[in-house]
Amino acid sequence: YQIKERLGRGGMAEVYLAYQENLERHVAIKVMHNFLSGQASMLPRFKREAKATASLNHAHIVRVYDFEIFNNDTYFIVMEYVSGGTLKDRLEELTKQGRRMPLAESVRLLKEVSSALAYAHQRNMVHRVIKPANIMLTMEDKAVLTDFGIVKMLENAETANITATGAMLGTPAYMSPEQAMGQPGDARTDLYSLGVVFYQMVTGQLPFNADTPIAIVMQHVNADPVLPTKLDPTIPESVQAIILRALSKKPDQRFGSANQMAQALSRIQLSDTAYYKP
């Protein structure tokens, strides 16, 4: 692989654009940070989760081509390169323009991510870090979910190492109440986080915000979000109902599955006219 440029950096890894000469294609390479690869227990988890992720074959889940260890301390995963940027990039650009994503587009993208989660959940794989930065967009504007297996790789990581580097197993703004309380969660955890993403897409803001990460986490546990229709009366009640059900504090009050959430999204009646933030 010929490394071309760094695409991004997060708390767990760096991502590079590379060219695979023998197949004449561009790929994305995720290189895990050294503080993770230095743990003796990381190797078997890395291999197990990389293989599980590579077995996923769905139109809206990024494909994993390869994984390897270089010089005994550099763990990397080779993935499909999705060139349209992330949903996070799209939302930030719209915010700069004083706009929001058209409602019909938001619903379509959420249905695509829901179908990806339904496929993975049926194979006993829970994502646990659903957020706009992990939803890629193709040049055809289709959603592709990435970063399956990352939390499972880190679930037994040494707390001291995690704390020292500032990495977190989850992002406070999108973290479910059970994750905030230190529980691993199940498939319904992903649906809560997807509800946060949907709230952000249709209202232009997050349901919970505060000055510190711990304050945001505690809001997920204890506070109710402002009703989307209070922020924008033009948001359909059917959209609000889906968001509020997904954001239920108790997992058993959320959708029972990603398929149920996708079906609810399919029942929304939308006009062809996009709306934008005033």
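**Notebook: a first look at the model**

I began with burial: 50% of the 278 residues in the protein are buried (under 20% relative accessible area with a 1.4 Å probe, protein chains only; over 50% is exposed, and in between is partly exposed). I note that this is a predicted model, where local features need pLDDT of at least 70, side-chain atom pairs count only at pLDDT 80 or more, and totals for chains, interfaces and linings use all residues. Residues are numbered from 1 along each chain as its sequence is written, and side-chain values use heavy atoms, with hydrogens and water left out.

**Overall fold**

I counted twelve helices and seven strands. These are DSSP runs numbered from the N terminus, with H or I over at least four residues for helices and E over at least two for strands. Next I looked up contacts (heavy atoms within 4.5 Å). Of those between residues at least 6 apart in sequence, 62% join residues at least 24 apart.

**Helix α11**

I then turned to α11, which spans residues 237-246. Which of its residues are buried? I found Val239, Gln240, Ile242, Ile243 and Ala246. They lie on the same side of α11, because they cover an arc of only 160 degrees around the axis (taken from the directions from the helix axis to the C-beta atoms). An α-helix has 3.6 residues a turn, so residues three or four places apart point the same way. The buried residues of α11 pack against α4 (103-121), α8 (187-203), α10 and α12 (258-266).

**Two residues**

I picked Gln200 in helix α8. Is Gln200 buried or exposed? Gln200 is buried, because its relative accessible area is 17%. Setting aside neighbours within four places in sequence, I list its contacts as Leu91, Pro132, Tyr174, Gln205 and Leu206.

I also looked at Lys230, which lies in helix α10 (residues 228-231). Lys230 has a relative accessible area of 65%, so I logged Lys230 as exposed. Its C-alpha atom is separated by 9.7 Å from that of Thr203, 27 residues apart along the chain.

**Cavities**

How many cavities of 30 Å³ or more are there? I found three. A cavity is a set of points on a 1 Å grid over the protein atoms alone where a 1.4 Å probe fits but cannot get out; lining residues have an atom within 4 Å of a point. The largest cavity holds about 60 Å³ of space. Ten residues line the largest cavity, and Thr53, Ile77, Met79, Asp147 and Phe148 lie nearest its centre.

Terms used: On a 1 Å grid over the protein atoms alone, a cavity is a set of points where a 1.4 Å probe fits but cannot get out, and a pocket is an open set with protein on both sides within 12 Å along at least five of seven lines; lining residues have an atom within 4 Å of a point. Grid points are joined across faces, edges and corners, and a volume is the space filled by probe spheres set on the points.
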